[in-house]
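Me: I would like a close look at one part of this model, followed by whatever connects it to the rest.

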Amino acid sequence: MLSAPDMLCVKELSLSLSGRTILDRIDLDIPSGAVTAVIGPNGAGKSTLLACLAGLRRPDRGEAALGGEPVLALNPRLRARRLAFMEQTPEVAWPVTVRTLVGLGRTPFTGARGPGAEDEAAVAEAMARTGVADFAERIVTTLSGGERARVLIARALAGRPAWLLADEPLTGLDIGHQLDTLTLFRRLAAEGAGVIVTLHDLTLAARLADRLVVMAEGRVVAAGAPQSVLTPDLLAQVYGIDAGVIAHQGGLTIDLIGRRV
Amino acid sequence: MRRRILIFIAFAAALVALSGLSLMVGRVWAPWSAWTDRSDPRWAIIFDLRLPRTVLALMVGAVLGLAGAALQGYTRNPLADPGALGVSSMAALGAVMTLYFGAGAAAPWVISAAAMGMAFLAVILLLLFAGVGSGLVTFVLSGVILQTLAAAGVALALSLAPNPWAVNEIINWLMGSLADRSMDEVRFAAPFMAVGAALILLTARSLDALTLGETTARSLGVDLRVTQLLLALGLALTTGASVAVTGVISFVGLIVPHLVRPLVGGRPGALLLPSALAGAALVLAADILVRLTPAAHEVKLGVAMAALGAPFFFALLVTLRRRLV
């Protein structure tokens, strides 16, 4: 299984920080061509797992492998061409235009001579897909939260990545834009990309992810199709809540009753 | 792109004009006719006195502007500058120590080596104190610590100085100046500055990616350790070499990127070369002005720049206040 060309395989991944276990022997096979949502309570280790998958954190033990090659063994520039990572609290330090910022997504491709026609085409395509082309020349730091979030997604798409890892990409977006974003991720998956997102909204996760990975206290508690994973028992165990799960056409609704006492 | 070319042409034209002016202006006015006539006594003034001074002003201004733009880009901090953050002061401390021990007179390269060594140490300490990409406050406070350290070291050297001449020499050193420099200084500093500037320019793409923060820059394939090393060496060579030949000239690296940013946009990599050109223009213009001071001795360039830079720094702080709290 470990050598499957279009799989992100995680084996025995463990990480602890100052004596606290953050990730505890994670085993996962994540297929491309699908949206995988990592869910779980705060502090479950979702962000750390994503950073390990992206090769940005070195685990104590175990490894994450992209198409059979450990991500940490890949040349960073070549890894960046295949895998785009969106951090949870993105920073935009300088007043640059939308086009310039999206162009930064081409960093692993541009040589010393600067961006070429291929880069410009990729940037235009990414801006069109996220609907930010209309304000391409505006300064990013003057945009609204929703516009900015879309620009940052366009930045990730500009590298035409085979894998997109996004840490809570829906933070600060209204429900309409949340839906747009996940629909875009689904379209990327339909085109063959592997998409891994961490999410808090279980209803959205159930509706738009092909697979859920449920984490709690650094462990994977459950993984699989939303219908089979999201059960009242699991919600009680993982989140400590009493909730009903109502299945209907195309999705699930979480009916929150209250905190479990 | 066309806009960028126009800006470069404008800067280049300004530099040519200022250089011409710099060769003509001073205690003695040297008109064009004196340039071509070797028998004219003013010919020597132009080519032996003012030419090295002009070239040195261009070189020092360019590397200081470049260093400021690079440090601001790396730290994502609009208040970063090798002068304001104590790198120049530490370089000066290195130079002062060699002056104190009299080693500077024995071999001029000792001063430069000491200045560059201390500048390198200062950049490393700065990165250690503040950490990469830490907040504005931490970074500026780290600069204050370095400044204080350098000031204490210099004060110690002054109080223990063996004779009044050494004191005089040290004080003169601290007030940066371009007066009475020869082609020796130019020849000496040029290679270090060129190598340092080249190292800094290599970081342009990494600085661009850092606009999105460290984690995202790393996810884009940028090796931050390489960027750090290039910058530390580049800043040490440029700042150290300029302090070694002219003493401390502050605020160039602070002011220049702010003036250039509205023209070329915020992308840090795009800011590097225009900042070098604008830095050269600023230092040259300031040096022309100090030569015209109506006093027995001309105002030291470092003092003039500080007088100009401090209010600018203050104004910047006021506009950035909202980000500080």
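How many bridges join strand β9 of chain A to strand β10 of chain A, and do these strands run parallel or antiparallel?

Reply: Five bridges join the two strands, β9 covering residues 211-216 of chain A and β10 covering residues 219-224 of chain A, and they run antiparallel. The model is predicted, so local features need pLDDT of at least 70 and side-chain atom pairs count only at pLDDT 80 or more, whereas totals for chains, interfaces and linings use all residues. Residues are numbered from 1 along each chain as its sequence is written, with chains lettered from A and ligands numbered from 1 in the order in which they are written. Strands here are DSSP runs of E of at least two residues, and helices runs of H or I of at least four, numbered from the N terminus; two strands pair if DSSP finds at least two bridges between them.

Two residues lie between the strands, and A:Glu217 takes a positive phi near 50°.

Chain B as a whole has 15 helices and zero strands, and its C-alpha trace spans about 65 × 55 × 35 Å along its principal axes. Of the contacts in chain B with a separation of 6 or more, 79% are between residues 24 or more positions apart.

Terms used. Two residues are in contact if their C-beta atoms, placed from the backbone, lie within 7 Å.
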